[in-house]
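Here is a friendly briefing to read alongside the model. Please have the structure open as you go through the topics below.

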Amino acid sequence: MRRNILLGRDEDISDNKGQRWKNMILLALGQKKMFKRPVPAFLHLAVYAGFIIINVEILEIFLDGILGAHRLFAPVLGTLYAYLIGFFEVLAVLVLVSCAIFLVRRNIIKVRRLNMKELLGWPREDANIILITEIILMALFLTMNTADLTLQSRGAEHYTVTAPFWVTSHFTGMFAGLSVPALLGVERGCWWLHITGVFFFLNYLPYSKHFHILLAFPNAYYSKLIPQGEIKNMPEIQNEVLYMMEPDKAPPATAEQEHKRFGAKDVTDLSWKNLLDAYSCTECGRCTAVCPANMTGKKLSPRKIMMDTRDRLEEVGRNIDANKTFKDDGKALLNDYITVEELRACTTCQACVEACPVMIDPLAIIMQLRRNLVMEESNAPQEWNLMFGNIENNMAPWKFSPDDRDAWVNG
């Protein structure tokens, strides 16, 4: 994944480190932009906090297995242990409920941004797999604790006696009819399924869009600090104009001199930050939900732009893996993945950039692809070509001679 990201053009993003650390803390850790929609933000925060904090309990479960112990931290923490596990249980319930609500929103209510064409097939399955896995893991954790408390109350050997836990202590009655061997089977079975599920989840994560859990942090750190809408000039274009006006400043042409593309045709023409954006996208669709072009029925979906960029980058990576170096496959990001119709629909309004919780910038990719269309392929709408011609000939977008610019004052 790191190799693929570094296939992009170099881009220096080392300025203003203080502001970048602040962005990372507020956007990635604090999820500041999520709270524009309070209810989904609270549910997401519950899942996020549960994922991070419950890992402390997973550490104990893991060490118990390695050392043949049981509730290793209980004697060390004393009465604090029950409060800690109780807090984890509350988080587990919040995670379970939140994931269930997310499943309902995706598969029953069918919220529009979560059921668009680009999510058909694997993207939808991927989201459901993660949500169902989270629900199962939390259910196993809570069931394990309930059986554990019941075994404690019956004086079962090896089970450290603790104070009641906040949630599961209210459900021990559900196991009242089970014998101690049966309870042991339930508790041990949940323990093994839980830790196995955690290991499965961690191995699956890098192959899933949910790897954004980790990539959101560097992506927020390296996010654009210049004002939204400010587009970087291309030194290559500026030099072309300079050499045309002052030919003596042009460097001598050499046979080895390689033409550097104007804009981007494939993923390797984009910057590494554009490619990091693509890997960081979790396909939430907030960008597409606020896109005015998409709202009016046009084909443009900023989320699809990011998904297509990631898919093409993965394809290029597999090509390199198979051939040791990239072997031309006759395909490119432009036209084969992202169409001219999609690119022309963009109004550059910045709504997608503003909506993204971790400052992914679909517009930067769109602009680079459009630059390539116009500058390399001379592919522009007729209205644009008329304007280009006027600027070239009259130094203004309108079809008036520079000598006639003040004619409007006559009379």
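H4 passes H8 in a left-handed crossing, where left-handed means that the near helix is turned anticlockwise from the far one by less than a right angle, and right-handed is the clockwise case. This is a predicted model, in which local features need pLDDT of at least 70 and side-chain atom pairs count only at pLDDT 80 or more, while totals for chains, interfaces and linings use all residues. Residues are numbered from 1 along each chain as its sequence is written, and side-chain values use heavy atoms, with hydrogens and water left out.

**Helix packing around H8**

- The axes of helix H4 (residues 55-67) and H8 come within 11 Å and cross at roughly 115°; axes are lines fitted to C-alpha atoms, for helices over the stretch in contact, and angles run from 0 to 180 degrees between N-to-C directions.
- H4 and H8 are therefore roughly perpendicular to each other (under 35 degrees is roughly parallel, over 145 roughly antiparallel, 65 to 115 roughly perpendicular, and the rest oblique).
- Helix H8 (residues 180-204) also packs with helix H7 (residues 122-153), at an angle of about 150° and with the axes 8 Å apart.
- H7 and H8 are therefore roughly antiparallel to each other, and H7 passes H8 in a left-handed crossing.
- In the contact of H7 with H8, 20 residues are nonpolar, five are polar and four are charged (Ala, Val, Leu, Ile, Met, Phe, Trp, Tyr, Cys and Pro count as nonpolar, Asp, Glu, Lys and Arg as charged, and the others, Gly among them, as polar).

**Nonpolar surface patch**

- Val76, Leu77, Leu80, Tyr83, Phe87, Val90 and Trp166 make a nonpolar surface patch of about 670 Å² (patch residues have over 30% relative accessible area and no salt bridge, with nonpolar side chains joined within 5 Å and like charges within 9 Å).
- Helix H5 (74-77) and helix H6 (79-107) each supply at least two residues of the patch.
- H6 gives the largest share, four residues, and Tyr83 is found in H6.

**Salt bridges**

- The count comes to 18 salt bridges (a side-chain nitrogen of Lys or Arg within 4 Å of a carboxyl oxygen of Asp or Glu).
- Arg303 lies in helix H14 (residues 302-323) and Glu118 in the loop between H6 and H7, so the pair ties together parts that are 185 residues apart in sequence.

Technical notes. Accessible areas come from the Shrake-Rupley method with a 1.4 Å probe; for residues, only the protein chains shown count as cover.
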